[in-house]
Amino acid sequence: MKYSLVAGYFEKLEGTSGRLEMTEILASLFKDTPKSDLPILAYLMQGKLRPDYEGVELGIAEKLALRALATASGKTAQEVKDAYIKAGDIGSAAQALLKGGAGRERQGSLLSEPLTLRRVYDSLLSIAKTSGGGSIDSKLRELVSLLNDATPVEAKYILRTAMGVLRLGVADYTILDGAAVGLLGDKAHRKVLERAYNVTSDLGFVVGVAAEEGLAGVEKIHLEVGKPIRPMLAERLKSAQAILDQIGKPVAAEYKLDGERLQMHKDGDKVELFSRRLERITSNYPDVVRYVRSYVKSKRAVLEGEVVAINADSGEYLPFQELMHRRRKHGIEEMMKQYPVAVNFFDALNVDGKDITGRTYLKRRAQLERVVQVTEFTRPVPSKMVETTKEMEEFMELAISEGCEGIMAKKPDGIYRAGAREFGWIKLKREYSSELTDTIDLVIVGAFHGRGRRTGVYGAYLLAAYDSKRKVFPTVTKIGTGFSDADLERFPKLLAQYESHVKPPDVESGLVPDIWYRPRVVIETIASEITLSPIHPAAMNELRPGSGLALRFPKFTGKIRDEKGPEDATTVKELVEMYSMQKRVQSKA
Ligand code: AMP
C-alpha cells in the first residue's frame, strides 16, 4: 500500500472531530488496506509501532529530527529551527520546508520510488530499535532517506510519528468502530473487537484477526499467557453503607495495599511482569520472578497482585515510596537486598493455561487460593466476606492498622472486566488523612524475633502508650523501622533487665510478642497518622465500639528518651486528641 494514501487519510482524520464521520473515514481506510498491512496501519494510527508492552519506543530527539529535516530540505540548521519554532510543530515545519522543490517533488517522481506503508514502518522500526555507538548517524541516514523520497505531506506524518508526536485525535475505541464497520460490516461488532482488544492489549493483532478470520476469529481471542490484559479498575464510594447499597450482601472485602500493581505471567520457568500501564517491568523485580516461579502452583498462569516494600527485618509493610528504589536500570541486585518486597495476590485470570476471566470473583478467588502458596513473601491478599457496615468497617480498620490504605470491596459474582472501571470493584479509604508532625513517646513492652539480617536479634518491638486514668500501658503499634544496626545491638542489652516471660500485669496488648518487657524504656517515634484499630487496646471503645487507636507507618527517630519514665510517655488522652485533630484538619481541607 502506498504511504501517500495513508497520509491522505490522516489529513482527513485530522480535519474531522465528529466520531461518526471519523468512523466512516476509518472504515473506508480499512477497506482500502491490504489485509497484510492492517496490523501495522493500526499501530501507526495509535502513534506506535508495536503494542505498548513490547516497549518499542518511538520518539527520536528533537535535535535529530531537525538535522534530518535540514539535510533533506537543503536548508541551514538555523532556517530549519526558525521554521520549526514558527510552525510550532515538526510536521508542519517539514511540510512547509519541503514544499516546492525538496523531497520527492524536487527529485521528480520518476527518479524515486513512491513510499510504501511497509517501508515507512520498517524504517521507523529500525530507527526505534537502533541504539548504542554510532546509532545517531545511522538513525539520521535512515530518516533522511525516507524524507528524500517523501512528499511534503508524507514528510509531515513521518516526522511526527518518528518524534512520537502524531496526534490524529482518534481514540482506540474509534479505531475499533472503524474496524467493525470496515472489516466486519457492522458497527455492532465493535463490542466483540473491544473485548478482544481489552484481553490482548494489541490493536494490530485484533485488527489483523478481524481481517483474516472475521467475526468468528475475533470471538475466539482469549487472554494468553505472555500478553498482558488491560486491567480491571475500581470505582470509589464514600462509605461502607454506600458499598452495601451498590453491591448488596455479601461483599468480598480485601486489603487494599499501597504498593505497585503487577500482572504476573508464568509459562513454565519463564515469568514476565507487567505494570498497571502494561510496561514490561520484569527486570525490576528479580525476586518476584523467583517467587512466581516457586510459589505459584500452576505451570501456566496469569495472576494479579500488589507488590509492597517490606522491612527486611520485621516483615512490616512500608509506604509506597520505598518501592521507588526499584525503579532503576542498574544495581537492582543491591536494591533487592536493601528493599525487599512481598506480593499479595488478588486475582487469578488464567490458571493452567485456561482463561478464567469469565468466571465469578468467588471462583477465581478459590483458584487463587489453590495456586498461591503462602510464604513469608507471598500470599493471597487477606479477604473477608462481610454483610454489615460494622463488619466492613472493622475489616478496614484491621487493614489500615497493618499498613494498608483501606479496602477493596468486590462483587462476589462479578466477572473480570478487562479495561473497565465499574462497580464490580469499589475502593474505600479511610475518611481523613493528614500527616502527623508530632513525635510520640512510647514504652517498649515486647519484642519479636528478627528475620533475615536481624536473625538472632529482635526485629521489631511492641510499643505502648500510657493510660493515666487506668494506670495501664495499652499497646498502640509494632515497630521495626528506623533502627540502625547499632540500635539493634544495644536494645536487647538495655532491655535485658526488664525481660519477662509472661505478660506484665500493667500491660494490655492484642498481640503476643516473643518476649515481654516490663514497661520501663521510652523511645521516640513518628508516624504518618493515628488510625482506628481492632488490634490495639489504647482508647478501646472510646471512639468506636470494638476499636482502639494505632499508629500507621511508625518509625523510630533514633532517640531513646532516657530522661523519661514510663508514666511520662505520651498518654492515651493525648492520642485521642491527636486523632480528633487529624479529623478536623481533614474536614477543613
Ligand atoms: P487506585 O489506584 O486508587 O485506583 O486503586 C486501584 C489499585 O489498587 C489497583 O490498581 C491496585 O494496584 C491496588 N490494589 C491494592 N490492593 C488491591 C486489591 N485487593 N484488589 C485490587 N486492587 C488492589
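This note walks through a predicted model of a protein chain with a ligand.

1. **Ground rules.** The model is predicted, so local features need pLDDT of at least 70 and side-chain atom pairs count only at pLDDT 80 or more, while totals for chains, interfaces and linings use all residues. Residues are numbered from 1 along each chain as its sequence is written, and side-chain values use heavy atoms, with hydrogens and water left out.

2. **Overall build.** The protein chain has 20 helices and 21 strands. These are DSSP runs numbered from the N terminus: helices are H or I with at least four residues, strands are E with at least two. The C-alpha trace spans about 100 × 55 × 50 Å along its principal axes.

3. The accessible surface of the protein chain is about 25800 Å². Carbon and sulfur atoms hold 50% of that surface. Areas come from the Shrake-Rupley method with a 1.4 Å probe, and for residues only the protein chains shown count as cover. Of the 589 residues, 55% are buried. Buried means under 20% relative accessible area, exposed means over 50%, and partly exposed lies in between.

4. Take the contacts in the protein chain with a separation of 6 or more: 72% of them are between residues 24 or more positions apart. A contact means heavy atoms within 4.5 Å.

5. **The ligand shell.** Which residues come nearest to the ligand? They are E254, R261, E306, K410 and K427, out of 14 residues around the ligand. A residue is near if one of its heavy atoms lies within 4 Å. The shell holds 8 charged residues, 6 nonpolar and no polar ones. Here Asp, Glu, Lys and Arg count as charged; Ala, Val, Leu, Ile, Met, Phe, Trp, Tyr, Cys and Pro count as nonpolar; the others, Gly among them, count as polar. Strands β2 (251-256), β10 (406-410) and β11 (421-429) each supply at least two shell residues.

6. **Polar atoms at the ligand.** A polar side-chain atom of E254 sits 2.8 Å from a ligand nitrogen. A polar backbone atom of Y255 is 2.9 Å from a nitrogen atom of the ligand. On the oxygen side, an N or O atom in the side chain of E306 is 2.6 Å from a ligand oxygen. Alone, the ligand exposes 500 Å², and the protein buries 87% of that.

7. **D347.** This residue is in strand β6 (residues 341-351). D347 counts as buried because its relative accessibility is 2%. Its side chain makes a polar contact of 2.7 Å with the side chain of R364. A polar contact is a pair of N or O atoms within 3.5 Å; within protein, one must be able to donate a hydrogen and the other to accept it, and residues adjacent in sequence count only if both atoms are side-chain atoms. Neighbours within four places in sequence aside, D347 touches L303, E304, R364, L368, Y416 and W425.

8. The structure holds 34 salt bridges. Each is a side-chain nitrogen of Lys or Arg within 4 Å of a carboxyl oxygen of Asp or Glu. K156 is buried, at 7% relative accessibility, whereas E11 is partly exposed, at 34%.

9. **Two further pairs.** K270 and E272 form a salt bridge, with the closest N and O atoms 3.2 Å apart. K270 is exposed at 52%; E272 is buried at 14%. E524 and R561 also pair, with their closest N and O atoms 3.2 Å apart. E524 lies in strand β18 (residues 522-526) and R561 in the loop between β21 (555-560) and α20 (572-588), 37 residues apart. Both ends are buried: E524 has a relative accessible area of 6% and R561 one of 19%.

10. **Helix α15.** Which residues of α15 (residues 286-295) are buried? They are P286, D287, V288, V289, Y291 and V292. Their cover includes β3 (260-267), β4 (270-274), β5 (300-309), α16 (332-338), β6 and β8 (378-380).

11. **E333.** E333 is found in helix α16. At 47% relative accessibility, E333 is partly exposed. E333 and R430 are 36 Å apart, C-alpha to C-alpha, and 97 residues apart in sequence.

How values were computed:
Buried < 20%, exposed > 50% of the residue type's maximum accessible area, 1.4 Å probe, protein only.
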